Amino acid sequence: MAETKTRRRGGGRAGNANRRASAGIDQMPWRIPLNTDKPTEPLDESGVQAIHDGAMRILEEIGIEFLHDEALALFKEAGCIVNGTNVRMGRDWVMEMLGHAPAIFDITPRNPERKITLGGKHILFGNVSSPPNYFDLEIGKKVSGTRAQCANLLRLTQHFNCIHFAGGYPVEAVDLHASVRHLDIMYDKMTLTDKVVHAYSLGKERVEDVMEMVKISSQLSEAEFAAKPHMYTNINSTSPLKHDDLMIDGCLRCARRGQAIIVTPFTLAGAMAPVTMAGAVTLSIAEAISAIALFQYVRPGIPCLIGTFTSNVDMKSGAPAFGTPEYMRATQMTGQMARFYGVPMRASGSCAANIPDGQAMWETSNALWAAVQSGTNIVYHAAGWLEGGLIACPEKFVMDCEVIQMIQRYFEPAITAVGPEDIAVDAIKEVGPNGHYFGIPHTQERYENAFYQPFMSDWRNFEAWEAAGSIWTAERAHRTYKEILATFEEPPMDPGVREELAAFVARRKEEGGAPTDF
């Protein structure tokens, strides 16, 4: 497990630059943070009941479209009302099914030290996932993603201890054919990281291949693999009121083999959901729990999460907006509903900005703090997201990790400790009204770790910053990104396991990989 280097400050704000230059990337150690704050709850009890009743009425009176034949048969078997692809389900049955979902569970990757816990007060952060495009300061423009760019973003995912899991592809490798892309990228993901990984539920082959590769990387038998989660999948409903064939199929395959599932409706208020945030949240809840109820019926106790991606659109252009006040409130409201149902929750770190600038950071910071305020357990897209999820950016990834580290430091118990040495009456007495605290033992014994020390922020005054070259934040992030790549070391993997993974990929490529229509 990576550990933080000893932190020593040089002298004043200018000394911070010396610390960065000599220490390189001085980051916090790997840990699973605990959110010790009380959640922000904008809804009173009657508000929670109103959204719950609205979601139940959607499920009972309107129904959800399930474009998957086996799912329709399972709903019918369970006593739900199935009319073509429309499924209506009673609230008593839905609540019974949700009662099977665990409130807390673990996912264990190939490196057991990277095990993550979802639920309770735990909060986890993951990399950007699934943008088709890439931007960095060296290229200077938006381009289609490549395998090499994806691999570099996976290196950032592995490097930063504040990133707890490797979600979807951090950028789509458009230079690889879609039939075999999942094989090559999962090989890269399994060898460049040792953190929890994700499988796309986009057809039988893609999800089954990933499950086999996870088994190989951890050297698990089928019984060992199915006994507890070692990976997860995440799906989006096709809002409004629809779940598609491939995503439901992939989730059913994961459920039957004991792997975790996140259901995340993509409800944009004013476009795919009502313009009122309560209406958008209500629709999102109905779509999420309809699928979770199905998965619990198939395998009671399978770990599931309610995901939220409820935001608003720009009513002038129709473009999605993120990190808005409405987005924040929707995330908080969904957190209340997730606790009402006793199911862990997923949120996101998102923005609509096109480049790694001020807008990108204030929108993402709003989204990340909304996740904290809502009691979210797993934060998707926490580092590297731009243009509403259409661009992955390594500079933004590095900048976001600074914010995530600050959030993790915010939760450290030392900040709010109230023991006699923390209250520090003796130190206050020693200094009195005319002295200062820099040189006294109480400060000298604590100064190295007393406060958060950034690896990206520049705390020098303007003149010192100007004398050092007037380097803006994104430029510093680019240099940090390059430094990480230059010094990156792959996590250990047994050569025999690596060969077995490569042989599996080669065989599946010969067999054609996943079917496509092009």
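**Close-up views of a predicted model**

**View 1. Arg508 and its salt-bridge partner Glu511.** Arg508 is buried, its relative accessible area being 9%. In this predicted model, a salt bridge joins the side chains of Arg508 and Glu511, with 2.9 Å from N to O. Elsewhere, salt bridges with shared partners connect Glu208, Glu212, Lys215, Glu222, Asp249, Arg253 and Arg257 in one network.

**View 2. A salt bridge between Arg339 and Glu41.** The model holds 30 salt bridges. In one of them, the side chains of Arg339 and Glu41 meet at 3.0 Å, N to O. The two residues belong to distant parts of the chain, 298 residues apart: Arg339 is in helix α11 (residues 325-341), and Glu41 is in the loop between α1 (14-23) and α2 (45-62). Arg339 has a relative accessible area of 34% and is therefore partly exposed. Glu41 also counts as partly exposed, because its relative accessibility is 45%.

**View 3. A salt bridge between Arg114 and Asp194.** The closest N and O atoms of this salt bridge between Arg114 and Asp194 are 3.2 Å apart.

**View 4. The surroundings of His230.** His230 is found in the loop that runs between α8 (222-227) and β11 (232-235). A relative accessibility of 5% is under the 20% limit, so His230 counts as buried. Its side chain reaches the backbone oxygen of Thr108 at 3.0 Å. Leaving aside residues up to four places away in sequence, His230 touches Ile107, Thr108, Pro109, Val214, Leu220, Glu224, Phe225 and Gln259.

**View 5. Aromatic rings around Phe322 and Tyr327.** The model contains 18 aromatic pairs. Phe322 and Tyr327 form an edge-to-face pair, with 6.3 Å from centre to centre and 75° between the planes. Both Phe322 and Tyr327 are buried. Ring pairs also bring these residues into a cluster made of Phe266, Phe309, Phe322, Tyr327 and Trp385.

**View 6. A nonpolar patch at the surface.** Val418, Ile423 and Val425 make a nonpolar surface patch of about 290 Å². Val418 is located in the loop between α13 (394-410) and α14 (420-423). With a relative accessible area of 64%, over the 50% limit, Val418 is therefore exposed.

View 7. Most peptide bonds are trans, and most residues other than glycine have a negative phi. The bond from Ser239 to Pro240 is cis, with omega near 5°, and Pro240 lies in the loop between β11 and β12 (242-243). Gln219, although not a glycine, has a positive phi of about 55°. This residue sits in the loop between α7 (204-218) and α8, and Gln219 is partly exposed at a relative accessible area of 47%. Glu387 is likewise not a glycine and has a positive phi, of about 50°. The place of Glu387 is the loop that connects β20 (385-386) and β21 (391-392).

Methods
Residues are numbered from 1 along each chain as its sequence is written. This is a predicted model: local features need pLDDT of at least 70, side-chain atom pairs count only at pLDDT 80 or more; totals for chains, interfaces and linings use all residues. Side-chain values use heavy atoms; hydrogens and water are left out. Helices (H or I, at least four residues) and strands (E, at least two) are DSSP runs, numbered from the N terminus. Buried means under 20% relative accessible area, exposed over 50%, partly exposed in between (1.4 Å probe, protein chains only). A polar contact is a pair of N or O atoms within 3.5 Å; within protein, one must be able to donate a hydrogen and the other to accept it, and residues adjacent in sequence count only if both atoms are side-chain atoms. Contact means heavy atoms within 4.5 Å. A salt bridge is a side-chain nitrogen of Lys or Arg within 4 Å of a carboxyl oxygen of Asp or Glu. Patches are made of residues with over 30% relative accessible area and no salt bridge: like charges are joined within 9 Å, nonpolar side chains (Val, Leu, Ile, Met, Phe, Trp, Tyr) within 5 Å. Accessible areas come from the Shrake-Rupley method with a 1.4 Å probe; for residues, only the protein chains shown count as cover. Rings of Phe, Tyr and Trp (its six-membered ring) pair if their centres lie within 6.5 Å; planes under 30 degrees apart count as stacked, over 60 as edge-to-face and the rest as tilted.
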